[in-house]
Amino acid sequence: MTALLEAKNLTRIFGDGPNATVALDNFSLSVSGDEPSFTAIAGESGSGKTTLAQLLLGFSRPTSGEVLYRGKNLWTMGRDEWLRFRNEVQAIFQDPFEVFNPFYKVDHLLTVPIDNFRLAKSKAQARSQIDAALDAVGLRPEETLGRYPHQLSGGQRQRLTIARALLLHPRLIIADEPVSMVDASLRATILETLRKLHLDFGISFLYITHDLTTAYQMCDNIIVLYRGAVAEVG
């Protein structure tokens with residue numbers, strides 16, 4: 001079985017000496033490149049969940065241990081390998097509003113990855129891809145495009161960030177508390193969207209959450225973190 005993404009003995013320590021804080025302690029995980037999976041990383045605030053997400057996405061370096069993408073350490077990969085990694089491993093963040101530039105219409109969030117990764121050969125093809133991605137997350141293009149972020153609800157903004165990730169046809173999406181900033185009435189809708197993408201498109205998910213109830217309902221496996229260490233797996 002080929003691993004798409006692996007964490008091997010990851011440790012992240014902030015500070016030095018007696019003031020040092022161990023945010024993550026000797027964490028290991030493997031996400032298959034063959035069989036899509038839906039795994040929860042659960043824990044209370046301060047348990048190391050977001051630190052883990054940042055390490056897996058290559059946003060910060062571990063103090064020790066390594067993150068491997070298709071068997072290669074993230075921090076020794078070349079430019080082409082990084083591009084492939086950014087293509088195949090996508091993120092959904094906790095606060096959808098922070099993803100948007102308020103000076104741009106929401107279209108900008110969708111056209112930038114198409115341009116950067118050269119996903120379309122024409123504007124018509126790009127629009128077709130955007131419409132398909134919006135439709136997959138339950139948004140109507142005619143009611144979404146051409147508007148500014150503040151003109152959309154929190155649920156619409158979060159589904160837009162999911163559509164942006166979907167445009168790149170990822171193999172893995174790391175979703176860091178994706179429903180904690182939206183109304184309770186919208187949480188079930190967004191989580192159902194993630195589950196549907198997992199089943200319909202074969203995308204693996206790492207669902208980072210403090211809510212064990214949704215983790216139990218959504219996921220095949222649950223890893224519980226406590227003070228940076230794995231407390232339970234099941």
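Helix H6 is mostly covered: twelve of its 14 residues are buried, where buried means under 20% relative accessible area, exposed over 50% and partly exposed in between, with a 1.4 Å probe and protein chains only. This is a predicted model, in which local features need pLDDT of at least 70, side-chain atom pairs count only at pLDDT 80 or more, and totals for chains, interfaces and linings use all residues. Residues are numbered from 1 along each chain as its sequence is written, and side-chain values use heavy atoms, with hydrogens and water left out.

Stay with H6, residues 154-167. Helices (H or I, at least four residues) and strands (E, at least two) are DSSP runs, numbered from the N terminus. The buried set of H6 includes Gly155, Arg157, Leu160, Ile162 and Leu167. What do the buried residues pack against? Their partners are S6, helix H3 (107-116), helix H4 (123-136), helix H5 (141-144), S7 and helix H7 (184-201). Contact here means heavy atoms within 4.5 Å.

H6 reaches 20 Å from its first C-alpha to its last, close to the 20 Å expected at 1.5 Å a residue. That expected span is 1.5 Å times one less than the number of residues. Just after H6, His169 takes a positive phi of about 50°.

Axes are lines fitted to C-alpha atoms, for helices over the stretch in contact, and angles run from 0 to 180 degrees between N-to-C directions.

Six strands form this open sheet, in the order S6-S7-S8-S3-S9-S10, with mixed pairing. Two strands pair if DSSP finds at least two bridges between them. S6 (89-92) and S10 (229-233) are the edge strands, each pairing on one side only. The twist averages 20° from one strand to the next. Within the sheet, S3 (residues 38-42) and S9 (residues 221-226) pair in the parallel sense over four bridges. Ile41 has Ile223 in S9 as its bridge partner.

Now the other sheet. Four strands form an open sheet in the order S2-S1-S4-S5, and the pairing is antiparallel. S4 (residues 64-69) and S5 run antiparallel, joined by two bridges. Tyr69 stands opposite Lys72 in S5. Helix H1 (residues 49-56) packs on the sheet, touching strand S1 (3-14), S2 and S4. The direction of H1 makes about 125° with that of S1. Helix H2 (residues 79-88) lies across S1, S4 and S5, at about 80° to S4.
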